[in-house]
Amino acid sequence: MTTAPHLDPATIDRMLDDATTWAIVGLSGNPDRTAYRIAELLQSRGKKIVPIHPSAPVVLGEQGYASLADVPFPIDVVDVFRRSEDAGRFADEAVAVGAGGVWFQLGVVDQAAFERTRAAGVPMVMDTCPAIEWRKRGH
């Protein structure tokens, strides 16, 4: 069975295992939102989270930034919690700031953004969630 290019197991494994700094687009301080719960999970797995939200809130003890361009240190993965029609611009911004990878959450699909990001040499995963992928591994 062939895996869709946007769900490449090797890319997913590299992001989950090797990436330490995750910028989370759409992360606010609302604990009822999926982005918040995934940020907690990432922290519990030893990842540094970086909230990206227009109001730049402090979330889970980490300073937020209004945009990816405002983050003053390298980003390993940009994890996007935005609607598919809005997500592509964040993939483009991730490429522009030199992020190591882009992850579009479950239900977020933009094939053109995937192709642009990969053409720029940046690995990308879309339409899945770190929680799901860790669960598949049995941990």
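Aspartate 92 and arginine 116 form a salt bridge, with their closest N and O atoms 2.9 Å apart. The pair links distant parts of the chain: aspartate 92 sits in helix α3 and arginine 116 in helix α4, 24 residues apart. A salt bridge here is a side-chain nitrogen of Lys or Arg within 4 Å of a carboxyl oxygen of Asp or Glu. Helices (H or I, at least four residues) and strands (E, at least two) are DSSP runs, numbered from the N terminus.

This is a predicted model: local features need pLDDT of at least 70, side-chain atom pairs count only at pLDDT 80 or more, and totals for chains, interfaces and linings use all residues. Residues are numbered from 1 along each chain as its sequence is written, and side-chain values use heavy atoms, leaving out hydrogens and water.

Return to the first pair. Aspartate 92 is partly exposed at 35% relative accessibility. Arginine 116 is partly exposed too, at 39%. Partly exposed lies between buried (under 20% relative accessible area) and exposed (over 50%), with a 1.4 Å probe and protein chains only.

The salt bridge count comes to seven. One of them joins glutamate 62 to lysine 48 at 2.9 Å, N to O. Glutamate 62 lies in the loop between β2 (48-52) and β3, lysine 48 in strand β2, 14 residues apart. Asp13, Asp17 and Arg137 are linked in a network. Arginine 82 pairs with aspartate 86, their closest N and O atoms 3.6 Å apart.

Now follow helix α3, residues 84-96. Its 13 residues reach 19 Å from first C-alpha to last, close to the 18 Å expected. That expected span is 1.5 Å times one less than the number of residues. Which residues of α3 are buried? They are Ala87, Gly88, Phe90, Ala91 and Ala94. An α-helix has 3.6 residues a turn, so residues three or four places apart point the same way. The buried residues of α3 pack against β1 (21-25), β3 (77-80), β4 (102-104) and α4 (111-119). Contact means heavy atoms within 4.5 Å. Just after α3, glycine 98 takes a positive phi of about 80°.
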